Amino acid sequence: MEKFAALEPVRLYAPGGLLGKTQAAPKALAPPRVGRLPTDLHILILNHLPIPDFSAYSRCSRSTAALADDESLWRKRWSALGVEKHSLGSVLDELEARSKGQVAASRAAAPPTIIVDDEFGDFASVDVGSTVPGEMDDFVGVMNHVSLSPTITPAYKSDTFKSKYIRAHNHLKPLTASLSSPPHLILSELASAVSQSLEEQAKLLRLLSFFLSPSVQPLLKWSIMYSSLRSAMDRFDANLLAAFDVADSRGDEKAMREAAECSWQVWDGSGDWEMGKVWAEKREIFYEQGKWDPLDNLTRRIDFDAMDEYMSSILGSVIEHGSRAVRVFPPPSQVLVAFAERVASEVVGDYVTTLLTRAREVSNAAYLKAAAATFREAWRMVDAVIQAARERADSNIPRTIAEDVVFHMFEINMDEYLDEEVESVKQGFEVICKTWDHQSPESDATSPNPSQARFLGSHNPAQVKRNVLTSFTNVLLLPVTIVPRTMGAVGGAIMTGGTAAAQGIAMLNPQRWGGSGTVSNDTIGYTKELEKTSNEIFDVGDDEDVDEDKRNSASLPRSSNEKGAPTKEAQNKLELLLSLDIALELIHADRESLKRVETFSGYPGHYGHRVRDTIEEIFILMLQALGDRHVSVGFKRATDQMTAYNPAEHEETTDVAPLLQFFELVHIGDTIQSMVQVYFDKELAPHIDKTDFLNAVVREKKRFENTLDDSVAAGLNAGTEVLMNQVEHIILTLTKPREYYPPEDKPLDLGPTLGCTESIKCLEHHCKLLKGSTNKEVLEVFYQEVGIRLIGILQKHIKRQIISLNGGFQVIADLNAYHAFISSLKVPAITADFSYLKMLGHVYVVEDAKDLAQIVRDVTRYGGAYRPEVGHILISMNSFREGQTGRR
């Protein structure tokens, strides 16, 4: 057996297997060949072959002769002449007419001729008796010493590309003989071939330049001939330029237009067009820079009236000279665009650079404002260019080209501006947050801020929030002044909008956002003081003109004597935890920067992406400053205060002061989140896709919301613990020793006890404060946590008491009161638990021991919430069962 080898497995249906069927793969069709080379390679060679070599190639075989007649070859040659593209057919028609006239005049005296029609040379009819030196070298074949009659006329199809090219070749080739003449005679000899019109002469020169191009190669010495032709065209262009200058000095637009169109015909397309360049250089606008001083905008006050006047003068020149350029120069030359680009770079660009350099020396804020303002002023050139382009219907200058003129001019400032904008926003946010962090409770306790919104001191906190958001939304709809006409003193900090000067809800004054204001140096801290002057642009005042109803709805009472309202001292401490002032100030600073950057939002290409990235980064920085430096820190401090609260140290009140402060923070935090959402929808949504969850702004906004939710959840957890400690303390201190074991002769009072009443009031008060300041899910979790902990407190409290039969009715009254309160919270889970606890309280009014034991063992009666041993522990407190359970 060891000699047998194992069989190798075979796939039955595999190709070549036992049951597989082998099918021959279809052979790919080989490309047609001529000789050993495919026809495609032959066509490629013929595309680069000079015309005189076609006859030698055609003599190889009938196949090569057929390839030489391929229409794709002649289509390329014919297109290279540009007859149809550049409307040069009139030149060929005129050459053909002159040629027919000359032939008709000389035919009578001419010797017998024969027209050769063969496959290798069929471009010309020549005199048999004479030969042209070198003619056999350039594709026009002749038959020497042959005399045949009658004359045979070749039959060509006039609609083929080959026939079109042959016609052009026959008429243009005789003109190449003039190119061997001296340079000063070439133009006169070529001009004799067409009419005396400058336009026709220019078209002829252009057609000859296409004819003697590398794409056609009509003759063996085409490159030498092209050099001579180019020299003649330059001489012709110089004559046109002189004629144009004379017409320009006279203001003769008709002569200017004729010279310009002829010059455009003979231009080879390399470099700048000389006539348009020379015309632009002679405009006076380029030599009047000394007439305007950019520093006039930065005198004692930043005022862009000087630049506005300067741009009005520039735009007047652009419209005047640009309109003439559109009327005079050919539309494809785009002289208006070139003129506008030069004005933008050499005139406006120099003005802007000088202005921005000086603004940077003044302050960072002045530089940022000046950058946006100068760009907005320069943008007026777009409308001026479009207005000039309307002088001619076929000017072909879309608005995007006019916008590119300004974009290219300002590109040199974009990198520095965008970087400085981001750094300035970072510094501004840092200053705002540090100023808030350095405020101490002692300093603010003596100077309360009356404009701070008080949610807990209002009868309707939700209405206060709606009023704030309505005012905030209306402010966001106001336009922002980018080009200041009058700005704060240069010697002080230059910022629009009075960022730090306004406080609280007063910041919602529209003048604070839409106008201009000053900011003290110690508030901003990063501007350069040049002069010791300070001028206030406007005075917000105390809003005395506002209606009384609006004042009552927008601002809350400064103090409140209502039960549960925070005291003035507690409110001042609260302001150090979280503030609408800081949120408004951060959003305002972010909006100022955002509106400046939005000025450049139309930028295309690389800088367009950078502008959008900067817009996103500015908003992200605001969210980070607001969330990490303010909101989370404030909630953490509130949580720490609640954790350290001891109810025994505050016997004079049933309110939990830290929890009241925390509820105020929850209202403020929810208002801040709503303001951020409104700001995001109004300002950021046009620049990003809100549904793109991978977008950096969307992710950062989600992180901010999660941070706020986590801070509220952590605070609610600590607040619940403090609240329930307060409730337990109230029950312990207000419940008398014999509250549930009254004397036998005392009449029954079926109402709840004082401890029960006060604890329920405390719970109701704090639960109402939270309602409307957070979402339904968080509120339900808070209610459920309160209910669960209250059940534990009540069970512990009942176990601690000695309960008589009459006291059992008092227990039932208290449990009914607690159940009514829990039912008002409308949380089904804890409502059912309190129903079972209320039912369990009935055991204290049962006298018969057997009935009592049966009730305790019936677990289904309490929905399985209480095991028999728990019920036994609770009923062991019955004072009248001294013989069964003992008396404690």
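Which residues are linked in a network of salt bridges? Select Asp-248, Glu-253, Arg-283, Arg-324, Arg-327 and Glu-391: these are the members of that network. Keep in mind that the model is predicted. Side chains of opposite charge can pair when their charged atoms come close.

Select Glu-84 and Lys-164. Their side chains form a salt bridge, with 3.7 Å from N to O. Glu-84 sits in the loop between helix H4 (71-81) and helix H5 (89-106), while Lys-164 belongs to helix H6 (residues 161-172), so the pair ties together parts that are 80 residues apart in sequence. Glu-84 counts as exposed, at 55% relative accessibility, whereas Lys-164 is partly exposed, at 25%.

Now select Asp-419 and Arg-610. The closest N and O atoms of this salt bridge are 2.9 Å apart. Asp-419 is in helix H16 (residues 399-437) and Arg-610 in helix H24 (residues 605-643); the pair links distant parts of the chain, 191 residues apart. Asp-419 is partly exposed, with a relative accessible area of 41%.

Go next to Arg-380 and Glu-377, whose side chains meet in a salt bridge of 2.9 Å, N to O. Is Glu-377 buried or exposed? Glu-377 is buried, with a relative accessible area of 3%. Arg-380 is partly exposed, at 26%.

Last, select Leu-37, Leu-41, Leu-44 and Ile-45. Together they make a nonpolar patch on the surface with about 320 Å² of accessible area. Helix H1 (residues 39-47) gives the most to this patch, three residues. Leu-41 is found in helix H1 and is partly exposed, with a relative accessible area of 32%.

Notes
Residues numbered from 1 in each chain as written. Predicted model: local features only at pLDDT ≥ 70, side-chain atom pairs only at ≥ 80, totals over all residues. Heavy atoms only, no water. Patch = residues over 30% accessible without salt bridge, like charges linked within 9 Å, V, L, I, M, F, W, Y side chains within 5 Å. Areas by Shrake-Rupley, 256 points an atom, 1.4 Å probe, with all protein chains shown as cover. Salt bridge = Lys/Arg side-chain N within 4 Å of Asp/Glu carboxyl O. Helix = DSSP H or I, 4+ residues; strand = E, 2+ residues; numbered from the N terminus. Buried < 20%, exposed > 50% of the residue type's maximum accessible area, 1.4 Å probe, protein only.
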